[in-house]
Amino acid sequence: MRSSPCPFCRLTFPASQLQRHANDHLEEEELRRDMELAREIAIAPTSPPKTLNNPVEHGMLFETSSGKTYERSSSRSDESSNCSGKMSIDEKVSHLARLQIRSTFYRVEDGLMALLRNCLESELGNSTCILSGSVIHFQSIESEDVGWGCGWRNIQMLSSHLVMQRQEARQVLFGGSGFIPDIPSLQRWLEIAWERDFDTVGSQHFNHKIYGTTNWIGTTECAALFRSFGLRARIVDFGPKEIKSPYPQKNSQGKRKADEVCGPIDKFLLRREPRDQDISQPGSSRHDSCNLADSTESDKCFTRNDKGRQVLVDWVWNYFSDNKFTKSGSNDVIVTDKAPLYFQHDGHSRTIVGIQVKHQLNGMNQYNLLILDPTHKTAALERSLKENVGWQKFIKRGVHTLKKLQYQLCHIDPGIAHAEELEQLKTLDSIFLEF
């Protein structure tokens, strides 16, 4: 059985035990932070001075561990930050890193991905599956974000993998907290990304404010958020030729102007021509109403044959396989270090955690995207996987289900960007691949 090192202590564990062990580390980190916060509160003076350590000054809104929300406007006499009375970006980051709230989620013993791997291994027939490592499923909650929070939940799922599987990402994400923040905290992080000039054109759509709203987000917000931490988040567009034609042509310098870009999924992206490596291997929507499926009886999108959608599926296979694995095998289930994919179409977003190819007797290959959907209940997923009954309807999506006009993927390449590369990441662009 394949073993992998824990990103926290570097001890090696079988895949079936790794996520549970990593969760123990996360719980220990949460307890440590809670104790530190309690100590700070205990030693704080009764009437704290107006310093940057006061978590509720300068008009910023915060939720404390007790669940109470406080707001205070900055005063003209307050000189603790700068002459204008406003907090610098570094100060906001410091505050948010200390006061962000860890998101709650339904804990699956041994991990959801380990259960999925067991079910895939037990299937009859000749197939090859490639899965991301540890991923925590974050479901939309009726009282919090049902109907608008899919994008945030998928960001949390991607973040869970990065925190548990990539040491360099865990050190930079969310102030190095080592946990996944709740949606209000993520909204604050996105506002800071915008303030640091990541996706400035797209931020104008929201008037540079997202905290405390139920606005839908999509691929560009996902990419901007991760890029602000130095992560190499990339966007790939898939669609018919009709989608590509409205985009402006390159100028004499080979660039497009941001204010001229428009499109049906995200009008704030700069499209560029795909290179061979973009097709063979990888390097937002404003309408995230959280539909449960790609197509319905009322779907009025273009009708294309499955062969066109195979472009997307082939790209996903090449991404997860990284040209290291073949499509032939006998019920091989491979756990890779590739991060999950943020998967967007008009109406909903989900997380692709792997792909399966079934080798049929007629020599043809049948593909299934392996998807975690934030609209599904984690407990229902766990039960179906443990019983090995009905889990396919939750997780498997064949090529024939891809009925939407356009799709977007966000993938996160390894490594951390610095200096000039980080500046380049502030302007979002994408690769366009035609169906």
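In strand E12, Arg-397 is the bridge partner of Leu-369. Strands here are DSSP runs of at least two residues, numbered from the N terminus. The model is a predicted one, in which local features need pLDDT of at least 70 and side-chain atom pairs count only at pLDDT 80 or more, while totals for chains, interfaces and linings use all residues. Residues are numbered from 1 along each chain as its sequence is written, and side-chain values use heavy atoms, with hydrogens and water left out.

E11 (residues 365-372) and E12 (residues 396-398) run antiparallel and are joined by three bridges; two strands pair if DSSP finds at least two bridges between them. E11 also pairs in the antiparallel sense with E10 (residues 348-359), over eight bridges, and Thr-351 has Leu-372 of E11 as its bridge partner. E10 and E11 form a hairpin with five residues between them, and in the turn Gly-363 has a positive phi of about 90 degrees. Six of the eight residues of E11 are buried (under 20% relative accessible area with a 1.4 Å probe, protein chains only).

Nonpolar side chains tend to be buried together in soluble globular proteins.

Finally, His-411 lies in strand E13 (residues 407-416) and counts as buried because its relative accessibility is 2%. The His-411 side chain makes a polar contact with that of Asp-413, at 3.2 Å (N or O atoms within 3.5 Å; within protein, one able to donate a hydrogen and the other to accept it, with residues adjacent in sequence counting only if both atoms are side-chain atoms).

How values were computed. Buried means under 20% relative accessible area, exposed over 50%, partly exposed in between (1.4 Å probe, protein chains only). Helices (H or I, at least four residues) and strands (E, at least two) are DSSP runs, numbered from the N terminus.
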